[in-house]
Amino acid sequence: MIIGPMQRSASPLPAVSQPAGAPEYGARLLAGMIIPAQNTIAEADAHRLLPAGVSVLTARVPLRIDSPEDLRATNEEAVAAARLLASARPATIAFHCTAA
């Protein structure tokens, strides 16, 4: 499920100073990713595979799959996580929830 692209506020956030010579965090793209709390691979893989200048912020949600109510609760958690990630103003937010 893709939740972005995100709307940007008219008032920008204050600039964060970078150490001299440091690469700019998310200079090419800043993305948000929501993953199940028990997923131990997706976040590390994303950080390892992304090209220079592309950064990902991650939020975790509990994944409950025993009933339709559990799935609805997971969906509500994902929406809440997307709202939290949106405060960092990523270009897009993805819900990375796949089966192996």
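Is Glu76 buried or exposed? In this predicted model, in which local features need pLDDT of at least 70, side-chain atom pairs count only at pLDDT 80 or more, and totals for chains, interfaces and linings use all residues, Glu76 is exposed, with a relative accessible area of 59%. Residues are numbered from 1 along each chain as its sequence is written, and side-chain values use heavy atoms, with hydrogens and water left out. Buried means under 20% relative accessible area, exposed over 50%, and partly exposed in between (1.4 Å probe, protein chains only). Glu76 belongs to helix H2. Its C-alpha lies 9.5 Å from that of Val61, a residue 15 positions away in sequence.

The secondary structure of the protein chain consists of two helices and three strands. Helices (H or I, at least four residues) and strands (E, at least two) are DSSP runs, numbered from the N terminus. Along the sequence the pattern is β-α-β-α-β. Of the 100 residues in the chain, 25% are buried. The accessible surface, computed by the Shrake-Rupley method with a 1.4 Å probe, amounts to about 6,900 Å², and carbon and sulfur atoms account for 60% of this surface. Where residues at least 6 apart in sequence are in contact (heavy atoms within 4.5 Å), 72% of the contacts join residues at least 24 apart.

The three strands form an open, parallel sheet in the order S2-S1-S3. Strands S2 (54-61) and S3 (92-95) stand at the edges; each has a single partner strand, so one side of each is left without a neighbour in the sheet. Neighbouring strands are turned against each other by 20° on average, direction ignored. Two strands count as paired if DSSP finds at least two bridges between them. Strand S1 (residues 29-36) pairs with S2 over eight bridges, with Gly32 opposite Leu57 and Ile34 bridged to Ala59. The pairing of S1 with S3 comprises four bridges, and here Ala31 stands opposite Thr92.

The helices connect to this sheet as follows. S1, helix H1 (residues 42-49) and S2 make a right-handed β-α-β unit; right-handed means that, with the strands pointing away from the viewer, the path from the first strand over the helix to the second runs clockwise. Helix H2 (residues 68-86) packs on the sheet and touches S1, S2 and S3, its direction making about 140° with that of S2. Axes are lines fitted to C-alpha atoms, for helices over the stretch in contact, and angles run from 0 to 180 degrees between N-to-C directions.

A nonpolar core is a set of buried Ala, Val, Leu, Ile, Met, Phe, Trp, Tyr and Cys residues joined through side-chain atoms within 4.5 Å. The largest has nine residues, namely Ile34, Ala59, Val61, Ala78, Ala81, Ala82, Leu85, Ile93 and Phe95. Another core, of five residues, lies apart from it and includes Met33, Ile35, Ala46 and Val56.

In a regular strand the side chains alternate between the two faces of the sheet. In S3, Ile93 and Phe95 form a covered face, whereas Thr92 and Ala94 form an uncovered one. The loop between H2 and S3 contains Arg89. Most residues other than glycine have a negative phi. The phi of Arg89, by contrast, is positive, near 60°.
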